[in-house]
Amino acid sequence: MELNYRETTTADEIYTIAKAAYKGSPWTKQLFKNDLRSRLVRYLVLEVDHEPAGFVGGTLVADELSISNVAIVPKFQGAHLGEKLLLKWFEQFEAGTRVLLEVRYSNQRAMRLYERMGFQVYNIREDYYRDPVEDAYLMDLTLGEKELS
């Protein structure tokens, strides 16, 4: 399995990946287009054997990186590619950068991944998500504080 990473992408590509990964994208294609126009936003796409397999995106403001999406298409899930993608993406940012994300409580697979990487829950937003109503767990990690896998 050959892994490649690239920063260039399109709204169509990441929308397609998100739609597959989430069984319906939480963002519209237009939201991705708007996001890609921002100079503060950074994306990284993962390819497996030259096929788009996932992406991560987020906004960097000063020394805080807020992750908006992490998506791996179903056929590549379970192979620790989300972790590899995040670790590669984090290389772009300086030590001391605080990384923030939110995750549905029911997404225990993702929570375990984030905890394994050193993220910690710092707050809970009750009833934040809809369809179904669910709590959002806010997690953070400071790059360079803990040796990432």
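These are my notebook entries on a few things I looked up in this predicted model.

**Entry 1: the α1/α2 pair.** I began with helix α1 (residues 11-22) and helix α2 (residues 29-37), whose axes come within 9 Å and cross at roughly 130°. On the α1 side, the contact is made by Ala-11, Asp-12, Ile-14, Tyr-15 and Ala-18, and α2 brings Lys-29, Phe-32, Lys-33 and Leu-36. Sorting these contact residues gave me 6 nonpolar, 3 charged and no polar.

**Entry 2: Ala-20.** I stayed on helix α1, where Ala-20 also sits. Is Ala-20 buried or partly exposed? Its relative accessibility is 33%, so I put it down as partly exposed. Leaving aside neighbours within four places in sequence, I found Ala-20 in contact with Val-73 and Pro-74. I also checked Lys-75, which is 55 residues from Ala-20 in sequence, with 9.5 Å between their C-alpha atoms.

**Entry 3: the core.** Next I looked up the largest nonpolar core and found 43 residues in it. Those with the most contacts inside this core are Phe-55, Ile-67, Leu-86, Trp-89, Phe-90, Tyr-114 and Phe-119. Among the elements that each supply at least two residues are α1, β3 (51-61), β4 (64-72), α3 (81-90) and α4 (108-116).

**Entry 4: helix α3.** How many residues of α3 are buried? I got 8 of the 10, so α3 is largely enclosed by the rest of the structure. The buried ones include Leu-81, Leu-85 and Leu-87, and I was glad to list Gly-82 and Glu-83 with them.

Methods
Residues numbered from 1 in each chain as written. Predicted model: local features only at pLDDT ≥ 70, side-chain atom pairs only at ≥ 80, totals over all residues. Heavy atoms only, no water. Axes fitted to C-alpha atoms, helices over the stretch in contact; angles between N-to-C directions. Helix = DSSP H or I, 4+ residues; strand = E, 2+ residues; numbered from the N terminus. Contact = heavy atoms within 4.5 Å. Nonpolar A, V, L, I, M, F, W, Y, C, P; charged D, E, K, R; others polar. Core = buried A, V, L, I, M, F, W, Y, C linked by side-chain atoms within 4.5 Å. Buried < 20%, exposed > 50% of the residue type's maximum accessible area, 1.4 Å probe, protein only.
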